[in-house]
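User: Can you walk me through this model? I'd like the overall picture, then the packing.

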Amino acid sequence: MPTARIPYRHILVGPVLVALPALLVLLLISSESWAAHARIWAWAAVDICVLSGALALTARRGIHRLAQQALQSREVFLSNFAKAQRLMQRHALAADCLLLLGAGAMAVAIGALDPYREYYYALLIVAAIFVPYALYKLLKHARPILNPPALASGARIAARALTRAQAPALWALVDEASARAKTAVPDHIVIGLDSSFYAADAPLYLNRAETPLEGRSLFLSVPYLAYMTREELAVVVAQELAHFTGGEVKRTHQFAEVYAQISHYMSHLHAEATMIEQAKGHWWGTPARKLVGFFLTNFTPALDQWAAERTYVVDALGSAAASPQSAALALLRLTTLASVIQPLLAEFAHNGGRSPHPDGLLASVFEAVSKAPTLDPLAHLDGHPFHPREAQPCTRQRIEMLGVPVTAELAQLASNREPSGLLEELGLR
């Protein structure tokens, strides 16, 4: 898949707009002796803008080259992502700082056109005050955006851990799924009201506990669990435990860092775009904002490619815990249910953990699923099961890779609105 391209003119719009008035000054006073100061400042503005544009273009070419190479392998992708990120950070910030300096020099050059020098000295004083202040504000605003924070080593979640003594049937199912798929066994099983299933080997702080769970933890989402069969749960368990197997542990951490950084950039780009629309935006948007956008669009194809490859490997391991048909049904069921359950969980979190139903969130889920006007799995084939740490291919592609046809029978099974009774069978309710 070819990488996305951003035209050169988009990268250069800032330097060109700042340099044009300075060039106009040079054309108007090419020979007048009284305007020597104006020529000096105008040439300074042009030179600074040329340097700013050159830095932006150098970064653009380097990012594009590294992004193309990132399609070769996962290791190259991870290495080149970090290289391109450093290149983008250095050049974007330097290009914007130069652009501010160029704008200051351009303003002084225009002021120097006054033969009586009144405006010239006034603008010189203003520029001497404004430019350092603007540089300070730029660095203060842009550096946290261009340098995303490191991924937190631990997370706090509203959930509870189940020991083998507390949930022997659940642990037996997990042990069996792990043995069939030849994956590692978790140290902890955690259940809660999150919107997905996931595995983590970072410390987990449960509720208000001060001591975290250390080691490998498997999180199971109770709202979705209520509608799954044993075979479907075995598939999902094996898929998540596959992240603890072999070299996947390290790669999972590396990709989690990549997803966190991309999310950081995209959230700030969205915020900047909103502020610019409201005429409140900071002036860091050119060329730095363009370079961040270029960086993201160029690396998206490689990220999608390697994320899809990892997902297909994990899906194959998951199907070994039961069958490809059970894996396909689990994918289709989770994607279909997400259209109803996901908004409920978002509202639950927004309300501070308070459910509108007197019997709690699970009762709200049962009611919403049973009363949903449509629950058509075929309409959700191009959807994605939510995952907090990964981007995944759409459900249709994942089922195709399992070699399972999407039949009317499969769709009917996935559209079942009745709880499966698995929570009661496993002693979780």
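**Fold and packing**

Analyst: Buried residues make up 48% of the 429 residues in the chain. Buried means under 20% relative accessible area, exposed over 50%, partly exposed in between (1.4 Å probe, protein chains only).

User: What kind of model is it, and how are residues numbered?

Analyst: This is a predicted model: local features need pLDDT of at least 70, side-chain atom pairs count only at pLDDT 80 or more, and totals for chains, interfaces and linings use all residues. Residues are numbered from 1 along each chain as its sequence is written, and side-chain values use heavy atoms, with hydrogens and water left out.

User: How many helices and strands?

Analyst: The chain has 14 helices and six strands. Helices (H or I, at least four residues) and strands (E, at least two) are DSSP runs, numbered from the N terminus.

User: Which residues touch the most other members of the largest nonpolar core?

Analyst: Ile-63, Phe-77, Met-88, Phe-295 and Phe-299 do, in a core of 60 residues. A nonpolar core is a set of buried Ala, Val, Leu, Ile, Met, Phe, Trp, Tyr and Cys residues joined through side-chain atoms within 4.5 Å.

User: Which element gives the largest share of this core?

Analyst: H3, with 16 residues.

User: And what is Ile-63 in contact with?

Analyst: Beyond its neighbours within four places in sequence, Ile-63 contacts Ala-84, Leu-87, Met-88, Leu-291, Phe-294, Phe-295, Asn-298 and Phe-299. Contact means heavy atoms within 4.5 Å.

User: What about a second core?

Analyst: A separate core of 49 residues includes Ala-167, Tyr-227, Ala-338 and Ala-372.

User: Switching to H5. Which of its residues are buried?

Analyst: Leu-170, Trp-171, Leu-173, Val-174, Ala-177, Ser-178 and Ala-181 are buried in H5. Seen down the axis of H5, these fall within an arc of 160°, so they line one face of the helix. The arc is that of the directions from the helix axis to the C-beta atoms.

User: What covers them?

Analyst: The cover includes strand S2 (159-162), strand S3 (188-192), strand S6 (217-221), helix H7 (230-241) and H9.

User: Which exposed residues sit on the face turned away?

Analyst: Pro-168 and Ala-179 are exposed there. Just after H5, Lys-182 takes a positive phi of about 60°.

User: Last one: how many disulfides?

Analyst: The count is zero. A disulfide is a pair of cysteine sulfur atoms within 2.5 Å.

User: Are Cys-49 and Cys-394 buried or exposed?

Analyst: Cys-49 is buried, at 3% relative accessible area. Cys-394 is buried too, at 11%.
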